[in-house]
Structure formats: C-alpha cells, structure tokens
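Work through the exercises below with the sequence and the structure side by side. Try each task before reading its solution.

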Amino acid sequence: MLFKAKLKGFFVEKGPHSVLLARTSSPEAPMVVEEVRECASGDVAALAAAMTELQSKKSPSGYMQAVCSIYTPKRLVRRVTLELKRLKDPAYFGEILSQQLRVEPDKYSAVVLNANDGSDFDATKPAPQKEVIFGGMPNEEILQAQDELLEEGIYPDRLELGSLAVLGALVDYLGHIEDKTSTLVLEVGPEMTNSYIVSSTGVEASRPIPQGYESMVPLVQKELGLKDAESARKLFFSNTFDFTGMGPVLIKRLTKELQSSIGFYEVQTGQSVGLLYSLLLPQKLAWLDGAIASAMGIRSLKVEPVEWLASRQVTLSDAVQAKLDPSWFGLLSLMANYNLVNAKAPDDAVAEKKA
C-alpha cells in the first residue's frame, strides 16, 4: 500500500474503555499538538466522526495513518533478572517466556529492553545489563487489533504496546521533574491488576495480581444488601452512588497484595514507595486511585506534562491544554522525542525545521 508523505501527524491510543486521538503539526517531534478527540471504545460512529473532524481532507488511500498504542488483554510487561552466563544459549529467552512468564513463546511477539532506560537489550555487549523488561503481546491479539484498526479506517504506521509507552514516559517524566520517589503504577482491569514500581532510574519491579474491579462487585452486593450481582454491577459502574466511603472494604484484598509487593521491594532496595499512578481505569471508577493511595498511605502522582513535553520538543495548543486530564498521558507518551541530549526549546526547533 502506497501513501503520500505526511504533512500532519496522527496518534491513536486504543484503551479498553476509550479511544483517544490527536492531530499534530508534524509526524515527528518537534511538533505542536493541534487538536484532540475522545470517544468510547466500540462507538464506531463517534470514532468515524472524530477522525473526520481531525482530518482537513481524507487521505487518498482512505486511511488515516497514525502511530497507535494498544492494550491487548494478554499483554505482557515483566521485569526479569537474567543469568548472564546463559546469554549464549539460544534457548534461554524461550525458557524465560515459557517457564518463568508462563506464555507460549511461538505464540507471542516479544521484545527485551534494558530496565533502566528502555533501550534494546544487546547480549553481545561486553557488559550487558542483567535487569531487563520482557514486553509482548500474543500474535493473535496483535492481528485482531490491526484488523480492527483497518476496519475503522486507521492504518498503523507504528503499533506500540501502550503499557511500555506509559512506563517509559513516566520514568522520563520523573527524571525531568527531578523526583526520586519510587512510584507504584497500576493497570486495574476487570479480572487482573498489573502492578509496577518505577523511578527516575527505570522500571524497578513488576507483578501481576489476579484481582481486578470485578472482584469488588460481590462486596458491593453484600455491603448494600442487594439481591443479585447484576444489580450491584450496574450500581458500581454508575454515577448514582458515592462509593468512596466503602472504598477501604472494596479494595482490602487488592491493597493487601500490593502492600506485600511494596514491602518486599522496600526491604530489597531500601527505597520507599511514596506515589501512585493509575491508568486504564473506567472514568466512573477513577475514585479507586485516591482510595488505593489513601489505604496505602501514599500520594497520587499528579502528572503535569506541559514542561516535560516541551523538553521533548512537543508543545500543546491552548485548545488542547484546556481539554487535557490525567487520562491523556498515554497518548502523549507516543509523541515525545527521547533521542535528545540537549533538548532545544520547542518553538526554536519548530522554527528551525521550517527554515
């Protein structure tokens, strides 16, 4: 499929609950984020309307070329300590995937990254790092995601695992604001919660916890004396009841697991975890972030991305700044230019590019 050179850039984040889209002044940084749109996942008509609004005219190919991030159900992001003496064994990484990470290597597309900076792991280096991140998705889920994007009129120039993009951006953001506090990052899903600990020096720990927000529904039913689980679920996902007071009861099992993980990390490293960052929560369950932070005696991380983005040659139009809330950080993480030694002010860089 042939495409003309792009004058604008387009970015799409497909999460489990929403689709976020952006148009930028250029496909690559330096760039200005000109417009953003949001729609609910599965709302085909709303997505088509958002794409029409972002594109001044439709591409001759019929597709909007975009950098895309996805969060497939069986995605994998795990920190692993390598046995360096086994790096020359061609079967070693396959064994890690099958025995340690419990996935079938031939059914997954996986990458191995250095845990400190997200660069590609290179086993041929004289002193390779032993702390790495395995990131991957099942081939079947990747193909399904690609097919869905194409059906929606989106051609992925680049397809990223959203979890990796956000973790890398958070590490860089903490370094930019010079905050050395270790941060607990949570992806709370229906049945599973992926937990990570990151700092300005990299991804420090990872652990999947087999509990999600669906496990809270029976507790809602019990606490409120409801007759059936479906009534409890509908109430839980509505805006008609304030669950913050019941929060400590609903999250008790999850926070117990998280405290166990954090305790192990703090004993091993001597570093304390002081911040919480949650992503992928349904909007109506956003209160869970504050409830979990309060129960664990830590603070929610309030990301203020404008200056960080500027250091990475991305600026936001006034219209975009007015619309942004914490849920947009994942989409913005796809835009940053991390290949900078001495970052120029973005206005200067854009002017230089035009010259």
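**Exercise 1: A helix and its buried side**

The buried residues of α2 pack against β5 (76–81), β6 (108–114) and β7 (131–138). This is a predicted model, in which local features need pLDDT of at least 70 and side-chain atom pairs count only at pLDDT 80 or more, while totals for chains, interfaces and linings use all residues. Residues are numbered from 1 along each chain as its sequence is written, and side-chain values use heavy atoms, with hydrogens and water left out.

Task: Find which residues of α2 are buried, and explain why they lie on the same side of α2.

Solution. 
- Step 1. Helices (H or I, at least four residues) and strands (E, at least two) are DSSP runs, numbered from the N terminus. Helix α2 spans residues 92–100.
- Step 2. Buried means under 20% relative accessible area, exposed over 50%, and partly exposed in between (1.4 Å probe, protein chains only). In α2, Y92, I96 and L97 are buried.
- Step 3. These residues cover an arc of only 145° around the axis, so they sit on the same side of α2. The arc is that of the directions from the helix axis to the C-beta atoms.

**Exercise 2: The order of a sheet**

Task: State the strand order of the open sheet of five strands, and say which strands stand at its edges.

Solution. 
- Step 1. Two strands pair if DSSP finds at least two bridges between them. The order is β11-β10-β9-β12-β13, and the pairing is mixed.
- Step 2. β11 (202–209) and β13 (299–300) stand at the edges; each has a single partner strand, so one side of each is left without a neighbour in the sheet.
- Step 3. T183 has L275 in β12 as its bridge partner.

**Exercise 3: Two packed helices**

Task: Describe how α8 and α9 pack, giving the angle and the distance between their axes.

Solution. 
- Step 1. Axes are lines fitted to C-alpha atoms, for helices over the stretch in contact, and angles run from 0 to 180 degrees between N-to-C directions. For α8 (residues 252–269) and α9, the angle is about 55° and the axes are 10 Å apart.
- Step 2. That angle makes α8 oblique to α9. Angles under 35 degrees count as roughly parallel, over 145 as roughly antiparallel, 65 to 115 as roughly perpendicular and the rest as oblique.
- Step 3. Contact means heavy atoms within 4.5 Å. L254, T255, L258, Q259 and I262 of α8 meet I292, A295 and M296 of α9.

**Exercise 4: Backbone exceptions**

Most residues other than glycine have a negative phi, and most peptide bonds are trans.

Task: Are E178 and L280 buried or exposed?

Solution. 
- Step 1. E178 has a positive phi, near 55°, and is found in the loop between α4 and β9. With a relative accessible area of 71%, E178 is exposed.
- Step 2. L280 has a positive phi of about 70° and lies in the loop between β12 and α9. With a relative accessible area of 18%, L280 is buried.
- Step 3. For a cis peptide bond, look from A29 to P30, where omega is near 5°. P30 is in the loop between β2 (18–24) and β3 (31–40).
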